[in-house]
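Here is a short report on one part of a protein model. Look at the structure first, then read on.

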Amino acid sequence: MDAKKSLSLNIIGMTCASCARTVERGLKRLDGVEEVTVNVATDRAAITFDPTAVQLTDLIGRVQESGYDVETHRVILPIGGMTCAACVRHVERALRKVEGVASVTVNLATERATVAYVPSVATIDAMRQAVHNAGYTVLDETPPAASGAEGVDPEAAKMAAARRRMAVAWAFTGPVVVLMLLHMVWGIAWPSMLAIEIALMALALPVLVWPGRPTFRSAWSSVTHGSANMDVLITIGTSASWISGPLSLVTPLTSYAGVAAMIMAIHLTGRYIEASAKGRASQAIRKLLQLGAKTAHILVDGEEYEVPLSQVKVGDVMVVRPGTKIPTDGVVIAGQSAVDESMATGESMPVPKAEGAEVIGATVNQTGLLHVRATRVGADTFLAQVVRMVEEAQGTKVPIQEFADRVTAVFVPVVLGIAVFTLGLWAFASGPLRGVLVAAQGVLPWVNPALSSATLALVAAISVLVIACPCALGLATPTALMVGSGIGAENGILIRNGAAIQTMREVRVIVLDKTGTLTLGTPKVTDIVPLGVPEATLLRLAASAELGSEHPIGRAVVEGARARGIALATPEGFEALEGRGIAARVDGQAILVGSARLLEERGIEVAEGAAEMARLEEEAKTTMLVAAAGRLIGLLAVADPIKDEAAAAVAALHDLGLETVMLTGDNRRTAAAIARRAGIDHIVAEVLPDGKVAEIRRLQEAHGMVAMVGDGINDAPALTQANVGIAIGTGTDIAIEAADITLVRGDLWGVVSAVKLSRATFRKIRQNLFWAFIYNVIMIPLAILGLMHPALAEVAMASSSITVVMNANLLRRADIRGR
């Protein structure tokens, strides 16, 4: 190797020397890796490699393929100076060259770069420098509280600046338009044509050098840093138009100096309308930020004080009166009320709250006085997490955007080449091209075949420059994703990854975990069937054994015994037998509680309880056999009530063309009974927790794309394996890494809404990309033929970007309601 490079990666998930060897072996198999040393004590891998043969992303990918992960940090950088999709590519390319950067996504609509990097290698300062060297700037981030509340809104400031530039431009361009119309329509050229031409040049020049200065500065910066953006096209087009004025005084060339002002004024108008539309698209985050309370009333030694929200600490007791906002996330320690949680869940019905209930900051207390102990403050609150997740989603890319990115990477240089080609074409083939203009003259009043060949060539080249638009391509996906993720946040649907929107469209099967997804997740003892012992004895032995269990069914048995006033004994030698039940010693007796398979494995006859077991399971009840001292002593049945909306929501999923599968560790007979009531198509029952991933993989092989709906904690591996992982009913715990989509509410209508939102958003993305591509495909050839007036060409270019952004905003009209 000629140029070796060494770096150190923090490895996540290693627990022993065997893990270290696995990571080491995986990395050494990469071509270009020369030396690897993995230290399990420090969780670090020291790697020496050839950077021309292997990249950081390859190293991280190999660690992940080995079953582990690499510690990376994520930062969102606000970027200044970007004007089009070409700028996005330049910034991405600059940041990717920073050593230690693993991935970069730059969003033109939000003007932010989302960077994942290895903190031991890359620094924020290095990223700032890379962006600066590319001709752009990393802006100082305004704190969310300031930008979202009483501080200056950056979006509003941008719109105000764009409005000022537009107004100044039209102040000079208005007289230009009047003078041109007087001459073109009524033939008035007072006091003389020369005076008119000089006046047009004089009025147009301030438009270019004053409100148009940022455009010229952006173009200069782009060119001097070895790239070209859309502002380069506008700058060349307007400069060539204005220079034609002085040249017309000494050559046969017709003056288009006034058109230069019109092009710039229309361009700045388009920028203002685009900024306004983008502001509407991004209003979801601002609305969320504005929802937070500004102050809180806290109790200190029995006295109530009003303090700024920033001074509230975890553990403080807040007094929340009817009609006021709950300042931050917490748990009710006194009082009863109903709370409007629509800002978090999209559900309009108030939610009853009593002692022990969790409450979300910024929701509104409606009826009663509550005392709430703060459990999360600042960046840890539900609201802050929502904002962070929406921003992360907007910082991702949808796979369909990759083709548009490849086009925009070469767009401006190609357009410059087409403009030069247009000049050459008119120079050598003006005769046939003039014939096209003669034929079109009756339809297009701005076409003038009588102009000199040089003038027609200039007009065509300028039109090509100003009509070409990479902006629409750059805005097509991120604006739709911005609106879609915002709508989702307002309805309790949090999209973590933009790719999930495209994948969800291709999903054919939705897998629903049973417990907590189809059912309420609160099982209760419904039947006690003793065999040769008193009912109380059966329940006491089973519940005492289950005292060591953390399983919901085990807890249900314990609660059932306590509700009946039965005193429980402390178990000894407790053992959880995954997927089968539990074993323990109670009062010196060996107790087994679990499936028939568990008892049979221990040589215990279960035939006596077979008939009762079949009856209970047919009633959709989970049935456990209880054995003491090697003999079956009875059965316990536990039922987890199915959610009220389950059948209707599953039917709605069917209407959307999706097949449904229920995945459960329960026995097949109970699973079948629940599936019948919910209308589920297929059942996968008796699956051990570690077998869920394999079942998801099997369903993917059989059906293609699969979405999995679960609680996001116990089902994390299965959610990760699924093409789209949906965590449901997470409440305030929304930072579920395994989930692509998180549903705050626990009802299944959220799943239906998530599918509808994903499809509606992707539909807008496709529409936007279609219009952006078809616009350039049609307009550029028309400009080459000389059929577009430069001013009209600029109108068309501005309209394309505006159309894309406004079409994305139409997504707000989509009906994503589940029920």
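## A pair of facing residues

Leu592 stands opposite Ala627 in S24. Strand S23 (residues 589-594) and strand S24 (residues 622-628) run antiparallel and are joined by 4 bridges. Two strands pair if DSSP finds at least two bridges between them. Strands (E, at least two residues) and helices (H or I, at least four) are DSSP runs, numbered from the N terminus.

The model is predicted: local features need pLDDT of at least 70, side-chain atom pairs count only at pLDDT 80 or more, and totals for chains, interfaces and linings use all residues. Residues are numbered from 1 along each chain as its sequence is written, and side-chain values use heavy atoms, leaving out hydrogens and water.

## The sheet

An open sheet is formed by 6 strands, in the order S20-S25-S24-S23-S22-S21, with antiparallel pairing. Its edge strands, S20 (524-530) and S21 (572-577), each pair on one side only.

## Helices on the sheet

Helix H20 (residues 535-546) lies across S20, S21, S22 (581-586), S23, S24 and S25 (631-639). H20 runs at about 75 degrees to S25. Helix H23 (residues 610-618) packs on the sheet and touches S20, S24 and S25. The direction of H23 makes about 150 degrees with that of S24. Contact means heavy atoms within 4.5 Å. Axes are lines fitted to C-alpha atoms, for helices over the stretch in contact; angles run from 0 to 180 degrees between N-to-C directions.

## A positive phi

Most residues other than glycine have a negative phi. Ala629 has a phi near 55 degrees, a positive value. Ala629 sits in the loop between S24 and S25.
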